[in-house]
Structures are given as structure tokens and as C-alpha cells.
Amino acid sequence: MVRGGSILFVLALISPSLASAQAMRIGSAETMSFADASALLAQSCGADITANCRGVNLDANRMRECLSRNTDALSPQCRSDYLRAFDAIQKRIVARVAVANACGREIVKLCSGSTKETSKSIPCLISTRGVSRNCIQAVDNAGYR
Amino acid sequence: MPAKRDLRCIGLLLAILAATALPRAQAAAPEKDEIISQLGRFDTAPELDIAALRQKVIEKSKSRSRTEPEPSKRPLIVPELVGLPTFTVDIRFDTDTPVVRPESYQTVGRIADALVNAALLPYSFLVVGHTDSNGRREANVLLSQRRADAIRDVLVNTFKISSKRIQSLGLGEEQFIDQAHPTSAVNQQIQILTIAKLPEQSEQPPQATPPSAAKKKSAKKK
């Protein structure tokens, strides 16, 4: 029982990293969903946006520009998070391009598609057997699944 | 079976951690699967000339006829939209502007996540703005159009959803979400409608069986 308790304690300490390791293993995305990235921006910068960027819409360029122009006025939380949020969105978008590379064989051989029009082969990639781990990972990173 | 019990403890711990780590939702964003299941039930595409519809709505909002019915009795201006797969969503804007409030960022991001999902990739969509019957009728059409445009712009510019897949239309108070209660705030919501299947999407793997709904499910278990 004592041993069990101490194991539990240790687990409590390391479980965040454990949880993420677990997530990796089952092949879930290494990128952040658009919803999570947007929520991060709203949570860390909502008040800052209302105070300093009123009238600016959720436009990656304009909002980032406004926030960086007002860096001095931002809350520490916002200052440390806003670039991270926009980078996360960007990473998720760029991940779509990686699918053509990671899934080239599958797109051509299994889905008789073209890597020039990757998005048309996505439903096939997801529902077809024999797709490589790399490809699945790329598909997940792009948020297609 | 101490190993087994430890495993169960890990599971429990992870669950507790996950629950406490979740941010407190301000306005609960819709679930991605919910959006996908609503918008994915597409059957047949109606003939829609969005530019012409915009014009029609603006003209209607200017009508000053004496026989004009009260808001709750107005005939639908675009009845073609009624049977289409529709997701109705509460997005908060700054008053009288098309500026999305931060509390709704997550919701817009969630819509983008759904539109990127494989299940919805083959389709194109219409973002429809509405208003309640408070305020001037013409102004309401303009505001709803600007709001629908703003959502389309965020989806296209910020989340890089192909502009070919999204159009926008403001219906103002010419077609209510809840016609029985024209002044209700329910009518300020945004609707996303599936309006077409993208062309040349029919490529199927020749040797593999076509991906049926059942097969999709089994592939998802991973």
C-alpha cells in the first residue's frame, strides 16, 4: 500500500509528460488544432485585444501586427503566448504540404490520385489500409482526421 | 494484481489531470464532430446564384409597401436554403460591427477544424449572416453581410480554407432563424450551410473497395 502510494505520487509528478508520450504513441497530431490555438489566443490575450486592438478581426497578420505594435501595453501572459498561438496556426496549415511528401506513394498507388491535388486523396488515405505510419502522422498533423 | 491496479490508478490520475487542466469555457464552443455530422449530410445541390441573391435581399429590405407583412409573417426570401445541411452557431461580434469577439475565437477555430476534416473536404459551404428585427431593415442586411464576409475571411485568410469552398450571404431580417420570435437574439447567429460537392471528387482506388461509411468507422478506431 505504501509502495502504491509512492508510485502514485511519482506518477502525479511525471504524468503530464506521460500523457503527452501516450498521445504520441497512438499517433495523434503533433500540431495544435485551430480551435485550441484560437482559444489560447483568446484566453491569454482576450482582454489585451479588447483594450488595444478593438476593431481588429481574427486575421493572423493584422492581429499579430497590432499586438506586436502594442507589446509594451500587453499583459505578460499575452506577450508570452500570442506568437505561440499564431505559430501553432501556421504550423497546422504548413502541415498540409507535408502530406504530399509523406503520403506520395499512398496517394499515387493506393488512391490513384496526384500529389499535386493532395486534398482530393485525403478521404481515401484515411479509409484505406496499408498507409504508412509517416503518412498517418502527416495526415493527423494537418488536422485531416 | 498490483500491476493491474496501478494501471487503473494511472488512468484515474490522467482523467483527473485532464479534467482540471481544461480551461473553463466562456461560451461553450461546439464540438467538431457535431459540426461535421450536421454538415456532412449532403444530398443534392440547389442552383444558387449568390450574387443575385445578395441583390434580391437588399432590394427586399428596401421595400416600403403598405401591404408589407410584419416580420413574423414575412415569406422566406431564399427558401432554397431551408432543406440544406445547416450548422447554426453563436458567434459574438462587437456591437454593430463585423469584428469577432475573443470569446468566440475558439468557436471559429473549431469551424475551421471541421472544414479541414476529411469528411467535409469534398464540399463547399455558404456562411449566412442573420439579424433580429431590431434596428433598420436595410442596415440589418448590410451588417449581416459584413459579418458573414468576416467569418469567411477569417476561415480563408487565417486558417487557409480554400476560398473556392466558402461563399457568404447576409440575410439580415429577411429570413429569420426563429421567425416566431423576430426580436430574439437567437436570430443573430451565424449559419454554415453545405451547398455543393466539389467537382471531380470521384476518384476511387481501383483495386480497393470504395470507402463506405462503415469502413470509415473501422479505420477511425486507431
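**Close-up views of a predicted two-chain model**

**View 1. A salt bridge between Arg64(B) and Glu138(B) in the predicted model.** The closest N and O atoms of the two side chains are 2.7 Å apart. The pair links distant parts of the chain, since Arg64(B) sits in the loop between α3 (50-61) and β1 (86-89) of chain B, whereas Glu138(B), 74 residues apart from it, belongs to helix α5 of chain B.

**View 2. The salt bridge of Glu173(B) with Arg74(B).** In this pair the closest N and O atoms are 2.9 Å apart. Glu173(B) lies in the loop between β3 and β4 (190-197) of chain B and Arg74(B) in the loop between α3 and β1, so the contact ties together parts of the chain that are 99 residues apart in sequence. Both partners count as buried, Glu173(B) at 2% relative accessibility and Arg74(B) at 9%. Elsewhere in chain B, salt bridges that share partners join Asp90(B), Arg92(B), Asp94(B), Arg101(B) and Glu103(B) into one network, and the count over all chains comes to 15 salt bridges.

**View 3. An aromatic pair formed by Phe34(A) and Phe159(B).** A search of the whole structure finds two aromatic pairs over all chains. In the pair of Phe34(A) and Phe159(B), the ring centres are 4.7 Å apart and the planes stand at 50 degrees, so the arrangement is classed as tilted. Phe34(A) belongs to helix α2 (residues 34-52) of chain A and Phe159(B) to the loop between α5 (137-158) and β3 (166-170) of chain B, which means that the pair joins two chains. Both phenylalanines are buried.

View 4. The elements that give two or more residues to the lining are α4 (76-102) and α6 (118-127) of chain A. By class, the lining comprises nine nonpolar, four polar and seven charged residues.

Conventions
Residues numbered from 1 in each chain as written. Chains lettered and ligands numbered in written order. Predicted model: local features only at pLDDT ≥ 70, side-chain atom pairs only at ≥ 80, totals over all residues. Heavy atoms only, no water. Phe/Tyr/Trp six-rings, centres within 6.5 Å; stacked < 30°, edge-to-face > 60°. Helix = DSSP H or I, 4+ residues; strand = E, 2+ residues; numbered from the N terminus. Buried < 20%, exposed > 50% of the residue type's maximum accessible area, 1.4 Å probe, protein only. Nonpolar A, V, L, I, M, F, W, Y, C, P; charged D, E, K, R; others polar. Salt bridge = Lys/Arg side-chain N within 4 Å of Asp/Glu carboxyl O.
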